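Visitor: I am new to this structure. Could you show it to me and take a few questions?

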Amino acid sequence: MFSLKFDEVFVHTGNILKMGDVKLKTGSKSSDELLVALKGTLENGTYEESERALKITNLDILYEADPKELVTSVKVFLKTPSKEALRNAAEQVLKTLENLTVDSLIIWYPETMIEEPSKKLLDIWSVLEEYVREGRVKNLGIADLDTKVFVSLYNQVKEKPSIFHLTVQNCCVVPVDLQEFAREHDIQLLTHNDPPDILPEESIMEQFKNLNVYWIARYHSHVKCRGVLVSKGYLLSFQA
């Protein structure tokens with residue numbers, strides 16, 4: 001087990017578009033895709049140790065493209081919802097992908113809220129606002145909030161979300177009030193097939209049994225003006 005030796009493990013799957021086993025999973029749930037990519041990275045990746053930290057990367061299949069010619073979208077799954085987790089995830093993504101600017105950054109927040117966003121979510125959103133003001137992220141989004149919570153969040157924050165990520169399970173029954181609000185405020189309603197928990201604890205393989213999932217980030221990179229998907233991958237952080 002990694003946990004016997006390391007307090008932190010960072011994994012980058014590299015470009016899964018070049019992983020044959022993952023290609024076979026096209027159309028399946030993203031959680032299945034993630035598990036296949038994670039297993040492939042553990043088997044074929046490069047291991048780098050630093051004190052009590054371990055970094056595993058699939059260096060052979062990183063994308064070969066000029067970052068300046070790409071439009072990159074990122075979704076961060078905050079398994080540990082905190083400002084520190086989000087900042088750590090964002091910095092790792094920007095460092096790993098070498099993008100000058102991320103076109104859109106969407107967060108998945110695990111805690112259920114009724115009518116109003118929690119103080120914790122508002123604090124986390126303030127981190128996103130920093131990246132927008134610094135010009136490192138262009139657009140912000142959030143996934144699967146209750147409509148009232150989303151509207152309240154929108155009205156309370158300075159840097160407004162311009163993307164609402166909807167699960168495909170509800171794509172045919174988008175609430176009318178959400179449709180109207182999105183139309184009035186020029187908000188994109190985008191769908192996804194991510195399960196409620198993209199990497200349940202029980203699905204983690206033996207190596208990670210005594211480590212907690214800190215955060216997971218998924219990125220897509222397209223060539224500007226052409227819309228061609230050239231890279232897709234996952235970054236994961238595990239901590240003791």
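Visitor: Is Ser30 buried or exposed?
Guide: Ser30 has 4% relative accessibility. Buried means under 20% relative accessible area, exposed over 50%, and partly exposed in between, with a 1.4 Å probe and protein chains only. Ser30 therefore counts as buried.

Visitor: What kind of model is this, and how are residues numbered?
Guide: It is a predicted model, where local features need pLDDT of at least 70 and side-chain atom pairs count only at pLDDT 80 or more, while totals for chains, interfaces and linings use all residues. Residues are numbered from 1 along each chain as its sequence is written, and side-chain values use heavy atoms, with hydrogens and water left out.

Visitor: Which element holds Ser30, and which residues does Ser30 contact?
Guide: Helices (H or I, at least four residues) and strands (E, at least two) are DSSP runs, numbered from the N terminus. Ser30 sits in helix H2, residues 30-44. Contact means heavy atoms within 4.5 Å. Leaving aside neighbours within four places in sequence, Ser30 touches Asn193, Asp194, Pro195, Ile198, Arg218 and Tyr234.

Visitor: In what order do the strands of the sheet run?
Guide: Two strands pair if DSSP finds at least two bridges between them. Here 10 strands form an open sheet with mixed pairing. Strand E2 (46-50) and E8 are the edge strands, each pairing on one side only. The order is E2-E3-E1-E10-E9-E4-E5-E6-E7-E8.

Visitor: Which residue is the bridge partner of Thr46 in E3?
Guide: E2 and E3 run antiparallel, joined by 5 bridges. They form a hairpin with 2 residues between them, and Glu51 in the turn has a positive phi of about 55 degrees. The partner of Thr46 in E3 is Thr57.

Visitor: Which residue in E3 stands opposite Val9?
Guide: Strand E1 (residues 8-12) and strand E3 (residues 53-57) pair in the parallel sense, over 5 bridges. Opposite Val9 stands Leu54.

Visitor: Is Ser231 buried or exposed?
Guide: Ser231 lies in strand E10, residues 229-239. Its relative accessibility is 0%. Ser231 therefore counts as buried.

Visitor: How do H5 and H6 lie to each other, roughly parallel or roughly antiparallel?
Guide: Axes are lines fitted to C-alpha atoms, for helices over the stretch in contact, and angles run from 0 to 180 degrees between N-to-C directions. The axes of H5 (residues 147-156) and H6 (residues 176-184) come within 10 Å and cross at roughly 25 degrees. Angles under 35 degrees count as roughly parallel, over 145 as roughly antiparallel, 65 to 115 as roughly perpendicular and the rest as oblique. H5 and H6 are therefore roughly parallel.

Visitor: Which residues in H6 meet H5?
Guide: From H5 come Thr147, Phe150, Val151 and Tyr154. On the H6 side they meet Asp177, Leu178 and Phe181.

Visitor: Is Asp186 buried or exposed?
Guide: Asp186 lies in the loop between H6 and strand E8 (188-192). It has a positive phi of about 55 degrees, although it is not a glycine. Most residues other than glycine have a negative phi. With a relative accessible area of 68%, Asp186 is exposed.

Visitor: Where is Asp144, and how does its accessibility count?
Guide: Asp144 is in the loop between strand E6 (137-143) and H5. Its phi is near 60 degrees, a positive value. At 36% relative accessibility, Asp144 counts as partly exposed.
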